[in-house]
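This briefing covers one protein chain, arranged by topic. Please keep the sequence and the model in view while reading.

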Amino acid sequence: MSRVDRYEYQDWKGFGTRIREYRKQIGLSKEKFAEMINRSENYVSELEKGQASGSVHTLHQISKALKVSTDTLLYGEIHMNKEYNSKEIMQAIIDRCDEEELEILKEIAIAVFPNFNKIKSKRKLNNT
């Protein structure tokens, strides 16, 4: 191993797995995530498989989009291959919000809450 190789980041597969899991944890599609980080959906797929690397700029964009620290993305451990239910997705989103974002979420929930029955009825009609 050369002296340079000792200092190069090598865990692209783990990095990609962590990105995929954190993306799923907050219920983001690959398409929406790619849009958020200004990359193609194909790039996101390759990145999540560990078949692509990224620049510091890309790492920063991913960190901002997922609201996870760069250290956590690069080295962190999470529960892998877990399916997330709606409550877990909502809790993960809430946990990553700052106070201003929480206030916005609260206002949205208050505005939508009185219409839940109408929304549920429309969803049932669309799913049948």
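Contact means heavy atoms within 4.5 Å. The model is predicted, so local features need pLDDT of at least 70 and side-chain atom pairs count only at pLDDT 80 or more, while totals for chains, interfaces and linings use all residues. Residues are numbered from 1 along each chain as its sequence is written, and side-chain values use heavy atoms, with hydrogens and water left out. Helices (H or I, at least four residues) are DSSP runs numbered from the N terminus.

**Helix H1**

- H1 contains 14 residues and spans 20 Å from its first C-alpha to its last, close to the 20 Å expected at 1.5 Å a residue; the expected span is 1.5 Å times one less than the number of residues.
- The buried residues of H1, including Arg 18, Arg 20, Glu 21 and Arg 23, pack against helix H2 (30-36), helix H3 (41-48), helix H4 (56-66), H5 and H6.
- Just after H1, Gly 27 adopts a positive phi of about 75°.

**Aromatic pairs**

- Five aromatic pairs are found in the whole structure; rings of Phe, Tyr and Trp (its six-membered ring) pair if their centres lie within 6.5 Å, with planes under 30 degrees apart counted as stacked, over 60 as edge-to-face and the rest as tilted.
- Tyr 9 and Tyr 75 form an edge-to-face pair, with ring centres 5.9 Å apart and planes at 75°.
- This pair links distant parts of the chain, 66 residues apart: Tyr 9 lies in the segment before H1 (12-25) and Tyr 75 in helix H5 (residues 70-75).
- Tyr 75 is exposed, at 58% relative accessible area.
- Trp 12 and Phe 15 are also edge-to-face, with centres 5.5 Å apart and planes at 85°.
- Trp 12 and Phe 15 stand three residues apart in H1, about one helical turn.
- Trp 12 is partly exposed at 23% relative accessibility, whereas Phe 15 is buried at 3%.
- Tyr 9, Trp 12, Phe 15 and Tyr 75 make up one aromatic cluster.

**Largest pocket**

- The largest pocket has a volume of about 220 Å³.
- On a 1 Å grid over the protein atoms alone, a pocket is an open set of points where a 1.4 Å probe fits, with protein on both sides within 12 Å along at least five of seven lines; lining residues have an atom within 4 Å of a point.
- Volume is the space filled by probe spheres set on the points, which are joined across faces, edges and corners.
- Helix H6 (86-95) and helix H7 (99-112) each supply at least two lining residues, and H7 gives the largest share, five residues.

Technical notes
Buried < 20%, exposed > 50% of the residue type's maximum accessible area, 1.4 Å probe, protein only.
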